[in-house]
Amino acid sequence: MKTQILTIKTYDDHKLWRKLKAGDEKSFSLLFEKYYGDLINYGNSFSPFAEKVQDCVQDVFADIWLYRESLQEPNVVKAYLLSSVRKRIARLYERDHIFRKITTTDSIEFLFDFSIEYELIDDETTAERVLYLNKLLNDLPSRQKEALFLRYNQGLSIEQVAEMLDVNYQSANNLLYRGLLKLRKEWKGSFSILVLLSSGVL
Amino acid sequence: MQKRNHYTELEDFLADKSFQLWVLSKIDEQGWEEWTLEKQQRAKLVEDARLLLLAMKVPAHKISSSEITAALQSTWLKIEVKENGSKTIKHNSVKYLKQYWAGIAASLFFGLISLWFYNNQFNINHTDVTYKELIEENSEGLVEQTNNSNKPQIITLSDGSSVLLQPDSKLSYPKIFAGNERKVYLCGEGFFEISKNPKKPFIVYANEIITKVVGTSFRVRAYSDHPNVEVLVRTGKVKVSSNELTGNSKQEIVLLPNEALRFLRKDLSFNIITNITEDKTLVSNVGNIEQLSFEFTDIPVVQIFKTIEQAYLVEIDFPKDKLKDCHLTTSLSDQPLSEKLKIICKSIGNDTSFEMNGNQIVITSQGCN
């Protein structure tokens, strides 16, 4: 059932992409409406300037339309969009830096903080543990956080995470692994014992 | 089907869409609840994964559908602007453009289109188009000017356009622009300021690239140690296409303010660079003339002449005593040199005129009104 859902979703994106490529404005609008929110939220993780982020996201879409004929069809449309937005924001930052005569930064920083699903927590013990986990997560280096976000919140594959962060597969895997490893280590409790057990199984 | 029976790590659960759906939306499509309770050890792992998911919420700033609709509209507007060029920019969407370029507006020079062309000094293969070939194509009877000195030379063309030709560069141009187009041929580097004439587009031929403008100013730069041709636009609209002589199918690319294009001479392909500052070579090659402002507000004429001297590397001779108390407020950003001088002279007074002779400019004046 799960695979079925996923297939329909990807098929839809690719169908939209192909129609868009053929000049179908409706498909362009549908794709825009589908992902605009996600892209804005992701973009806002890098920049406190909401207006600039909106501009970046809109420019990404504008370019897709303008250069649709020469664009390759991405494997995963969402990953392509996220990545395009990230690149554009990174460029914006570099440009601002250049014009401010400050040495350029290597990359932009993911300034995002995870929050807590309070609505789904109904007892105090859980609330405490979740709060602690959340703090650990938010204390992670920003790259690890971003990798976790892309992998588990945006549902990208490890390959796609690697591509977006411009690292190889192994490094992306490490980023993800180290992120959770720290949680496992620091979260003392049954957590760690279980990890030991499960790694024994492997 | 039961892939999850082999789940041993938190990651397995976190990445499972159906698991996420169950934890976060309480939609249990696959009977996670029952499955979890089957084994105690499993239940522990599931619980940990669940807690982690609860701690990993992404604060979704809900974007209303009206906001999305508005965003979509402004995106179509952006597309229109990019497609139609500067005219639409002025009328429809100054606002969006302003936002977009706000970051660099402060350091924007004064309405220039800058183009950089890079020559390839390495082996020239069959598709490379040389200056000589280009000249031979033209039958208008061209004048060639070569700058063998070590400082830029100013050339004024018959239509009033000016070209600041850099050392080791040459420009061929007809004495008088006949016909419907103004064609010039460049080898090296030059800063162009084109007098506006929508009926007679101005065309720069350089290497494999043809650059077409209607009237504005831009830089063409052709260092001989680069395998690329690069075109960089500051303001206005520039059309770039490959020369038919390359044997390539004719592809035309429209560049708008602060967009750039890199033409790879090796395989004749265009790469659009939507952000010029990404490219350090482009940024570092900004010339004097692009950095000086030509917006003057109540500025002594003497100072204005000094600015022009610095920008064009010319010498201006003027009656200092007669002009020492003259102030001007004027915008000379998007004007060729001769046009700038004309405007200044006219502003000073009726009995003021100028004469250009190479890098020497002589102003005659009886003082300001």
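Author: Let me begin with one bridge: B:D317 has B:V362, a residue of strand β21(B), as its bridge partner, where strands are DSSP runs of E of at least two residues, helices are runs of H or I of at least four, and both are numbered from the N terminus. This is a predicted model, in which local features need pLDDT of at least 70 and side-chain atom pairs count only at pLDDT 80 or more, while totals for chains, interfaces and linings use all residues. Residues are numbered from 1 along each chain as its sequence is written, and chains are lettered from A and ligands numbered from 1 in the order in which they are written.

Reader: How many bridges join β18(B) to β21, and do they run parallel or antiparallel?

Author: β18(B) and β21 (residues 360-364) of chain B run parallel and are joined by 3 bridges; two strands count as paired if DSSP finds at least two bridges between them.

Reader: What is the strand order in that sheet?

Author: The order is β18-β21-β20 in chain B, an open sheet of 3 strands with mixed pairing. β18 (315-317) and β20 (353-357) of chain B are the edge strands, each pairing on one side only, and the twist from one strand to the next averages 20 degrees.

Reader: Which helix packs on the sheet?

Author: Helix α13 (residues 337-348) of chain B does, touching β20 and β21 of chain B, and its direction makes about 155 degrees with that of β20(B). Contact here requires C-beta atoms, placed from the backbone, to lie within 7 Å, and the angles, from 0 to 180 degrees, are between N-to-C directions of axes fitted to C-alpha atoms, for helices over the stretch in contact.

Reader: Switching to chain A, which residues of α5(A) are buried?

Author: In α5(A), A:R129, A:V130, A:L133, A:N134, A:L136 and A:L137 are buried, meaning that 20 or more other C-beta atoms lie within 10 Å of their own, against 12 or fewer for exposed and partly exposed in between, with C-beta atoms placed from the backbone. Seen down the helix axis, the buried residues fall within an arc of 160 degrees, taken from the directions from the axis to the C-beta atoms, so they line one face. A:E124 and A:E128, on the other side of α5(A), are exposed.

Reader: And where is pLDDT under 50 in chain B?

Author: Over residues 86-126 of chain B; pLDDT is the predictor's confidence in each residue, from 0 to 100. Where pLDDT is low, the predicted coordinates should not be read in detail. Chain B averages a pLDDT of 75.

Definitions and conventions
Contact = placed C-beta atoms within 7 Å.
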